[in-house]
Amino acid sequence: GTHHAVQIAIKTGSRLMLAGKIDAGRDRAFFEREVEPFLDGERIVYLGEISEDEKVELVGGARGFLFPIQWEEPFGLVMVESLACGTPVITTHWGAAPEIVEDGKTGFVVHNLAEFPRAMEALDSIDPAVCRAEAEHRFSPSAMALRYVTLFQLAMDKDTQESERVAHPAGT
């Protein structure tokens, strides 16, 4: 959705900072065709690959994080990273995005690309401290580990119940 983010930034007159690796082949050809022509070094900027510290500084200093995904993303770690930096996310309803971004609380979940500009106008209504707190509460290592333990326990309990049902069928 990078090309969509570029068009949204152009339409709204916003500054867009892009960073990340571009793999050779289809990704490189796509970038050269759909993104590169719009790079001006001021309003639409591509930084290339950046370090983890640079990413935290860039994302943490952003007003918002545009994630106009157009496929069934199974998780979307970049959204969690953004929230952990206190930066609200604007994303689409595709894949796991609505499970990560709470509409109106940690960002906005829109149903089409035309809704991005309106959501961008409302970014100041999102509290960065709430974004950070939600990321810690839901996605910190301890929170994730506890959820895994709970799920494993439920699976083991279910397996035990199934084993007992097989070993002692009803009516015997």
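Helices (H or I, at least four residues) and strands (E, at least two) are taken as DSSP runs and numbered from the N terminus. On this basis S82 is placed in helix 4. The structure is a predicted model, in which local features require pLDDT of at least 70 and side-chain atom pairs count only at pLDDT 80 or more, whereas totals for chains, interfaces and linings use all residues. Side-chain values use heavy atoms, with hydrogens and water left out, and residues are numbered from 1 along each chain as its sequence is written.

S82 has a relative accessible area of 0% and is therefore buried (under 20% relative accessible area; exposed is over 50% and partly exposed lies in between, with a 1.4 Å probe and protein chains only). Neighbours within four places in sequence aside, S82 is in contact (heavy atoms within 4.5 Å) with V59, F65, T87, P88 and V89.

When residues up to four places away in sequence are not counted, M79 touches F67, V89, T91, A97, I100 and V101.

Helix 7 (residues 128-139) packs against helix 8 (residues 141-167) at an angle of about 35 degrees, the axes lying 5 Å apart. Axes are lines fitted to C-alpha atoms, for helices over the stretch in contact, and angles run from 0 to 180 degrees between N-to-C directions. In this pairing E136, H137, R138 and F139 of helix 7 meet P141, A143, M144 and R147 of helix 8. The contact of helix 7 with helix 8 has 4 nonpolar, 1 polar and 3 charged residues, where Ala, Val, Leu, Ile, Met, Phe, Trp, Tyr, Cys and Pro count as nonpolar, Asp, Glu, Lys and Arg as charged, and the others, Gly among them, as polar.

A167 also belongs to helix 8. With a relative accessibility of 51%, A167 counts as exposed. The C-alpha atoms of A167 and L123 are separated by 58 Å, the two residues being 44 residues apart along the chain.
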